[in-house]
Amino acid sequence: VRFLLTFDDGPSGVMEHNPTASILDQLADNPIQAPIKAIFFVQTRFWKNGGSDIGQRLLRRLHAEGHLLAVHSGTTRGHINHTQMPLEELEQSLRDSSEDIHAITGEAPRFVRPPFWAFTNNTLDAYTRHRLHMLMYDIRVNDGKSGGINYTWRLRLRVAAEMRRMRDRIAQGVVPVVGDTIPLIVVFHDTNRHTAENLQVFMRLLLEEAGKQGLAVAPKPFFDDAAELGETAVARSGARGLFLHCF
C-alpha cells in the first residue's frame with residue numbers, strides 16, 4: 001500500500017500560526033519521508049480562505065512547491081453543500097474555481113471533492129461538464145476531533161479501525177492496484193491547527209497500523225512526484241472502494 005494525502009477546506013487565511021503554511025513546511029521537510037506531495041481541495045474565493053491575501057499567497061505557494069490544486073468551492077459563500085446549491089450557482093462555482101486555479105497553475109484542475117462529501121447524479125453531471133474527476137477518500141482519521149487527555153489513544157484507535165476496514169476491503173478485491181501499489185487516499189483538513197500540530201503523528205500512525213494489519217507498505221510510503229500523484233488520482237477517481245456519499 002501507499003498513502004495518497006489529500007487536504008480539504010483550505011488554504012487557511014489566518015495570519016499567525018497558519019496551519020496550511022505549517023503543513024506545507026512539514027510536507028517539505030520531515031523525518032518520515034521528504035518531500036511529500038499532496039492534493040489540496042481548495043476554496044478559492046471565500047474570504048476566510050483563498051479569497052484572502054494570505055490565502056492567495058498560499059495557493060501560489062502550494063503550486064510552486066509541487067502540490068496539486070483541486071476544486072472544493074469557488075463561491076464567496078464558502079463551504080456550501082453542492083447538493084443544496086441551485087444548479088446555476090454550482091456551475092458558476094465550478095467555473096470560477098477552475099479559472100482561479102488555472103490562473104495560478106496555467107492548467108485546468110483535474111479533480112473535485114464536494115463539500116461534506118455529498119453529491120447527487122446532478123452534481124456528478126456538472127463535474128463531468130467541467131471535466132473534473134471526483135476524488136473521494138479511503139481513510140478518514142477525523143483530524144481535529146479527538147482532543148483531550150486521551151487524544152493519542154483515541155487517535156490510534158481511530159486509525160487502527162480505519163486500517164482494519166481497508167485491510168478487509170483490499171482482501172475483498174474492491175480497492176484497485178495502480179501500477180505496483182494499492183494507493184489509499186487519506187483525507188485531512190489543512191485549516192485545522194490541530195492537524196498541523198499533529199501531522200507527523202498521523203503519518204506515523206498510518207504506517208504503524210498498516211504494518212499491524214499485515215499490509216506491506218511501499219518503500220516510499222507517500223507520493224513525492226506531482227505527475228505520478230496526478231495519474232494515480234485519476235486512476236482512483238470514481239473507483240470502487242472509495243467512500244461515496246450520494247444523496
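Trainee: How much space lies in the largest pocket?

Mentor: About 270 Å³ of space lies in the largest pocket of this predicted model.

Trainee: What makes a residue part of the lining of that pocket, and how many residues line the largest pocket?

Mentor: A lining residue has an atom within 4 Å of a pocket point. The largest pocket is lined by 15 residues. L68, L69, T105, E107 and A108 are the ones nearest its centre.

Trainee: Which elements each supply at least two residues of that lining?

Mentor: They are β3 (68-73), α3 and α7 (226-236). The largest share, 3 residues, comes from α7. By kind, the lining divides into 8 nonpolar, 5 polar and 2 charged residues.

Trainee: Why is P176 called partly exposed, rather than buried or exposed?

Mentor: Buried means under 20% relative accessible area and exposed means over 50%. P176 has 26% relative accessibility, so P176 falls in between and counts as partly exposed. P176 is found in the loop between α5 (151-171) and β7 (183-189).

Trainee: Which residues of helix α4 are buried, and how do you know where on the helix they lie?

Mentor: T123, A126 and Y127 are buried in α4, which covers residues 121-129. Seen down the axis of α4, the buried residues fall within an arc of 100 degrees, so they line one face of the helix. An α-helix has 3.6 residues a turn, so residues three or four places apart point the same way.

Trainee: What lies on the face turned away from the buried side of α4, and what covers the buried residues?

Mentor: The face turned away carries the exposed residues N121, N122 and T128. The cover over the buried residues of α4 includes α3 (87-105), β4 (111-112) and β5 (133-134). Just after α4, R131 takes a positive phi of about 60 degrees.

Trainee: What makes the pairing of the Q200 and Q26 side chains a polar contact?

Mentor: A polar contact needs a pair of N or O atoms within 3.5 Å, one able to donate a hydrogen and the other to accept it. The side chains of Q200 and Q26 make such a contact at 3.2 Å, so the distance is within the cut-off.

Trainee: Where is Q200 placed, and which residues does Q200 touch?

Mentor: Q200 is in helix α6, residues 193-212. Leaving out residues up to four places away in sequence, Q200 touches Q26, N30, P31 and I32.

Terms used
Residues are numbered from 1 along each chain as its sequence is written. This is a predicted model: local features need pLDDT of at least 70, side-chain atom pairs count only at pLDDT 80 or more; totals for chains, interfaces and linings use all residues. Side-chain values use heavy atoms; hydrogens and water are left out. Helices (H or I, at least four residues) and strands (E, at least two) are DSSP runs, numbered from the N terminus. Contact means heavy atoms within 4.5 Å. Buried means under 20% relative accessible area, exposed over 50%, partly exposed in between (1.4 Å probe, protein chains only). The arc is that of the directions from the helix axis to the C-beta atoms. On a 1 Å grid over the protein atoms alone, a cavity is a set of points where a 1.4 Å probe fits but cannot get out, and a pocket is an open set with protein on both sides within 12 Å along at least five of seven lines; lining residues have an atom within 4 Å of a point. Grid points are joined across faces, edges and corners, and a volume is the space filled by probe spheres set on the points. Ala, Val, Leu, Ile, Met, Phe, Trp, Tyr, Cys and Pro count as nonpolar, Asp, Glu, Lys and Arg as charged, and the others, Gly among them, as polar.
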